[in-house]
Amino acid sequence: MGLTERDPEAWDREAATFDDEPDHGLRDRATRQAWRALLLEHLPPAPARVADLGCGTGTLALLLAEEGYEVDGVDFSPEMVAAAQRKAGDALPLRFALGDASAPPLPAGTFDVVLSRHVLWALPDPSEALARWISLLRPGGRLLLVEGDWSTGAGLAADRTEALVREHRDTVSVRHLPDPLLWGGPISDERYLVLSLG
């Protein structure tokens with residue numbers, strides 16, 4: 001998390017090796033299965049439409065598309081988007097767009113789920129971004145955030161993220177994610193999932 005958070009060029013430089021981290025590339029079968037199980041537990045059935053904001057190299061978007069979800073990924077790094085498009089190919093209901101996750105270039109009121117992993121902490125105005133994200137949802141839509149308060153000093157504590165979501169929605173739950181399978185090994189910091197139902 002030592003990158004300049006709002007610098008697309010810095011993220012461009014990371015794109016070639018981004019998937020080397022176990023929880024980024026999900027190359028290990030057990031780690032991939034752990035993320036699959038976690039997401040499917042909290043998502044409506046496929047073929048729900050999912051916006052993956054700050055999608056990076058598209059690993060989660062691809063995982064969900066393989067399960068039958070219709071996914072739109074957005075990232076502000078051209079190299080991350082290019083990597084995502086290479087991984088996805090043309091066979092799945094999956095689209096990637098270049099854009100700022102804090103103001104995604106997606107149509108309002110058309111998604112069943114807004115998904116974001118390790119993005120909210122880096123945005124200049126998280127509350128304003130959440131308002132935009134929620135506007136993308138259909139009535140009854142779900143907001144699903146995976147965030148952390150990392151040992152590097154970056155991130156958001158779970159109670160802070162919950163409070164930010166509660167500025168916009170009443171139904172919010174937090175689940176801590178200590179399972180080492182999700183991260184490729186044991187962790188010593190706070191990582192969690194926030195789910196908000198419309």
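Visitor: What separates R132 and E128 in helix 6?
Guide: About one helical turn, because the two residues are 4 residues apart in helix 6 (helices are DSSP runs of H or I with at least four residues, strands are runs of E with at least two, both numbered from the N terminus). The model is predicted: local features need pLDDT of at least 70 and side-chain atom pairs pLDDT 80 or more, while totals for chains, interfaces and linings use all residues. Residues are numbered from 1 along each chain as its sequence is written, and side-chain values use heavy atoms, without hydrogens and water.

Visitor: What makes R132 and E128 a salt bridge?
Guide: Their closest N and O atoms are 2.6 Å apart, and the rule asks for a side-chain nitrogen of Lys or Arg within 4 Å of a carboxyl oxygen of Asp or Glu. R95 and D72 also meet in a salt bridge, at 2.8 Å from N to O.

Visitor: Why is D72 called buried?
Guide: D72 has 7% relative accessibility, so D72 counts as buried (under 20% relative accessible area; exposed is over 50%, partly exposed in between, with a 1.4 Å probe and protein chains only). R95, at 35%, is partly exposed.

Visitor: Why is the pair of W35 and W183 called edge-to-face?
Guide: Their ring centres are 5.3 Å apart and their planes stand at 90°, so the pair is edge-to-face. Rings of Phe, Tyr and Trp (its six-membered ring) pair with centres within 6.5 Å; planes under 30 degrees apart are stacked, over 60 edge-to-face, the rest tilted. W35 lies in helix 3 and W183 in helix 8, 148 residues apart.
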